Amino acid sequence: MDGGHGHGVAEVREAALTALGEALRATGYAFTTVTPETHRRVNARPGAKEARSLRDVFGWSRRFGPGVLEPRMLALLEQAGALADCGDGTHRSRVRFSTLGTGLYVHSAWPTSEKDAVFFGPDTYRFCALLQRVPGTFRRAVDLGCGSGAGGLSVAARSTEVVLADLNPLALEYSRVNARLNGAHAVEAVHSDLLRDVSGRFDLIMANPPYLADTDGRTYRDGGGTHGTELSVRIVRESVERLEPGGTLVLYTGAPVVDGEDLLRTALEPVCRSAPLTDVVYEELDPDVFGEELEKEPYAGVERIALVALTARRR
């Protein structure tokens, strides 16, 4: 947690972002966030450089001139420390707002090049859809590497308590804002390396961790190890002992495939065999994502990156 003065500054930022989100919602704002590569291509089109609407400013992250935002929204952006001066009389928002179902979520503006960027995109939509297919209600649920908090917040209505855990302080700020924007009350944001600084046991442990080998070391992308699988394996290994009997583990992640072999599945098989788990299901959700990564050095020899889900219950 921040010290007294820093904590107060964070509270001002969070209050401003919450008010900004509420103001956007009142306009009927809606935006579905795409992949960074699709975003780049759309913004490269002629006439797409300057914003003319709220979706251009807070969805497409385009620079905007005077008169595009009403004065109150501009003031709230400034109070949130999220107004960037482009130096030519225009500005950009450092945050985006995305809609998922009836929810509204703040996260980092495009391009998400900063090391502490908080990502929200197609993986977020798929992860939340996966969680909706998990049956039951939960006394305690935890979202590991929560980012925007969308995963944990998507099950908040059927959970007595939700813990949103992340190493990134900015992610915790945004997740607190998103809890307020989406009416989730029994939610705690905790600065933690996975479960290290989170206490107790859980009925649901969920994670949509970084799963790429990112040469820039961005927190939201770099999963560690040769091909980005290290964090996913660690999550399964460390979660087992913190699950209540009958508790559920849900992991949504990426898997590099080399010569037809899913390297993540190979790494997880001995972990799952030796753990007190039952009803273990490993499912390929999408056979081919982030194809542009294959041109980068860490992926020499990798033929595709698949999206996968592991679900299991503690005996």
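Arg176 and Glu14 form a salt bridge, with the closest N and O atoms 2.8 Å apart; the term denotes a side-chain nitrogen of Lys or Arg within 4 Å of a carboxyl oxygen of Asp or Glu. The model is predicted, so local features need pLDDT of at least 70 and side-chain atom pairs count only at pLDDT 80 or more, while totals for chains, interfaces and linings use all residues. Residues are numbered from 1 along each chain as its sequence is written, and side-chain values use heavy atoms, with hydrogens and water left out.

**Domain layout**

- The chain is divided into domain 1 (3-108) and domain 2 (122-314), with bounds that come from an automatic or database domain assignment.
- The centres of domain 1 and domain 2, taken over C-alpha atoms, are separated by 27 Å.
- Domain 1 contributes 25 residues to the contact and domain 2 contributes 17 residues, where contact means heavy atoms within 4.5 Å.

**Interface between the domains**

- About 1700 Å² is buried between domain 1 and domain 2, and carbon and sulfur atoms give 60% of that area; buried area is the accessible area (1.4 Å probe) that two parts lose on being put together, summed over both.
- Within domain 1, the residues that lose the most area to domain 2 are Glu14, Leu100 and Tyr105, which together account for 34% of what that side buries.
- Three salt bridges are counted between domain 1 and domain 2.
- Eight residue pairs are in polar contact across the interface of domain 1 and domain 2, both residues being at pLDDT 80 or more. A polar contact is a pair of N or O atoms within 3.5 Å; within protein, one must be able to donate a hydrogen and the other to accept it, and residues adjacent in sequence count only if both atoms are side-chain atoms.
- On the side of domain 1 that touches domain 2, the elements giving two or more residues are α1 (4-26), β3 (95-100) and β4 (103-108). Helices (H or I, at least four residues) and strands (E, at least two) are DSSP runs, numbered from the N terminus.
- The element that gives the most to this side of domain 1 is α1, with eight residues.
- The residues of this side divide into ten nonpolar, ten polar and five charged. Ala, Val, Leu, Ile, Met, Phe, Trp, Tyr, Cys and Pro count as nonpolar, Asp, Glu, Lys and Arg as charged, and the others, Gly among them, as polar.

**Salt bridges in the whole structure**

- A search of the whole structure finds 21 salt bridges.
- Arg63 and Glu50 meet through their side chains in a salt bridge (3.8 Å, N to O). This pair links distant parts of the chain, 13 residues apart: Arg63 is in the loop between α3 (54-58) and α4 (71-79), and Glu50 is in the loop between α2 (36-43) and α3.
- Arg63 counts as partly exposed because its relative accessibility is 30%, and Glu50 does so at 33%; buried means under 20% relative accessible area, exposed over 50%, and partly exposed in between (1.4 Å probe, protein chains only).
- Arg201 and Glu244 form a salt bridge whose closest N and O atoms are 3.7 Å apart. The two residues are 43 residues apart, with Arg201 in the loop between β7 (187-191) and β8 (202-207) and Glu244 in strand β9 (residues 243-258).
- Arg201 is partly exposed, at a relative accessible area of 33%.
- Arg265 and Glu269 form a salt bridge through their side chains (3.9 Å, N to O). Both lie in helix α9 (residues 263-274), four residues apart, about one turn of the helix.
- Arg265 is partly exposed at 40% relative accessibility, and Glu269 is partly exposed with a relative accessible area of 39%.
- A network of salt bridges links Asp193, Arg196, Arg234 and Glu238.
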